[in-house]
Amino acid sequence: MIHAHITAWVLALVLFFVALGLHKGGNEKGAKIAHMVLRLFYVLILLTGFWLLFSITIDIMYVLKAAVGLWVISMFEMIVIRTKKNEKASVLWIQFTVALLLVLYLGFSLPLGTDLF
Ligand code: HEM
C-alpha cells in the first residue's frame with residue numbers, strides 16, 4: 001500500500017504541474033482534463049493514505065503526517081483554481097512549498113516504507 005500511496009502523490013504532483021502548464025499555454029481544454037484527472041488522484045491519495053493510517057497503531061506523528069498531506073491536497077486544488085481565474089496565488093505557493101517539504105520529511109522519517117531521516 002505504501003507504494004500505491006507514493007505512486008498516487010507522485011502522479012498527482014506531475015498532473016498538478018501539467019494542468020498549470022497547459023493553462024499557461026492557453027490550452028484550456030487540456031488543463032480542464034488534467035485537473036479532472038488530478039482530482040481522481042486526490043481520491044487515490046486519500047484512500048491509500050487512510051488505509052495506511054488505519055493499518056497501524058495510530059500515533060500523533062501519523063495523524064500530523066496525514067493532516068499535512070491534506071494541506072498539500074488543498075493547496076493543489078486552490079492553486080489550480082486561482083491560476084485558472086488568473087488571480088494571484090503567491091501566498092498559496094508559499095504554503096504549498098512548506099506543506100510539501102514537511103509532508104516529505106514526516107513521511108520519510110516515519111517507520112513504514114523508506115525511513116530516510
Ligand atoms: C500530496 C499529499 C501527500 C504526500 C506528498 C504524501 C507523502 C508521503 C510520503 C513521502 C510517505 C512516506 C513513504 C515512505 O516512507 O516510503 C507517506 C506515507 C504515509 N502517508 Fe502520505 N502523503 C500525502 C497524503 C497523505 C494523506 C492525505 C494521508 C492520510 C489521510 C497520508 C497518510 C500516510 C501514512 C499513514 C503514511 C505512512 C507513514 C510512514 O511512512 O510510516 N498521506 N506519505
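1. Leucine 22 is a residue of helix H1, in a model that is predicted. Its relative accessible area is 26%, and it is therefore partly exposed, since the label "buried" is kept for values under 20% and "exposed" for values over 50%. When residues up to four places away in sequence are not counted, leucine 22 touches Asn27, Gly30, Ala31 and Ala34. The C-alpha atom of leucine 22 is also separated by 9.9 Å from that of isoleucine 33, a residue 11 places apart from leucine 22 along the chain.

2. The pair formed by H1 and H2 can be described next. Their axes come within 8 Å and cross at roughly 160°, and because angles over 145 degrees count as roughly antiparallel, H1 is roughly antiparallel to H2. The crossing of these two helices, H1 and H2, is left-handed. Sorted by class, the residues in the contact of H1 with H2 comprise 19 nonpolar, 6 polar and 1 charged.

3. The crossing of H1 and H3 is left-handed. On the H1 side, the residues that meet H3 are His5, Ala12, Leu13, Phe16, Leu20 and His23, while H3 contributes Lys65, Phe76, Ile79, Val80, Thr83 and Lys84. The contact of H1 with H3 has 7 nonpolar, 3 polar and 2 charged residues.

4. H3 and H4 pack with their axes 9 Å apart and at an angle of about 150°, and they are therefore roughly antiparallel to each other. H3 passes H4 in a left-handed crossing. Among the residues that make this contact are Met61, Leu64, Val68, Trp71, Val72, Phe76 and Ile79 of H3, together with Leu92, Trp93, Phe96, Val98, Leu102 and Val103 of H4. By class, the contact of H3 with H4 has 18 nonpolar, 3 polar and 2 charged residues.

5. As general background, nonpolar side chains in soluble globular proteins tend to be buried together.

6. Leaving aside neighbours within four places in sequence, alanine 12 is in contact with Leu38, Phe41, Ile45 and Phe76.

7. Is glutamate 77 buried or exposed? Glutamate 77 lies in helix H3, and with a relative accessibility of 16% it counts as buried, because the cut-off for that label is under 20%. Not counting residues up to four places away in sequence, glutamate 77 touches His35, Arg39 and Tyr42.

Note on methods: Residues are numbered from 1 along each chain as its sequence is written. This is a predicted model: local features need pLDDT of at least 70, side-chain atom pairs count only at pLDDT 80 or more; totals for chains, interfaces and linings use all residues. Side-chain values use heavy atoms; hydrogens and water are left out. Contact means heavy atoms within 4.5 Å. Axes are lines fitted to C-alpha atoms, for helices over the stretch in contact, and angles run from 0 to 180 degrees between N-to-C directions. Helices (H or I, at least four residues) and strands (E, at least two) are DSSP runs, numbered from the N terminus. Angles under 35 degrees count as roughly parallel, over 145 as roughly antiparallel, 65 to 115 as roughly perpendicular and the rest as oblique. A crossing is left-handed if the near helix is turned anticlockwise from the far one by less than a right angle, and right-handed if clockwise. Ala, Val, Leu, Ile, Met, Phe, Trp, Tyr, Cys and Pro count as nonpolar, Asp, Glu, Lys and Arg as charged, and the others, Gly among them, as polar. Buried means under 20% relative accessible area, exposed over 50%, partly exposed in between (1.4 Å probe, protein chains only).
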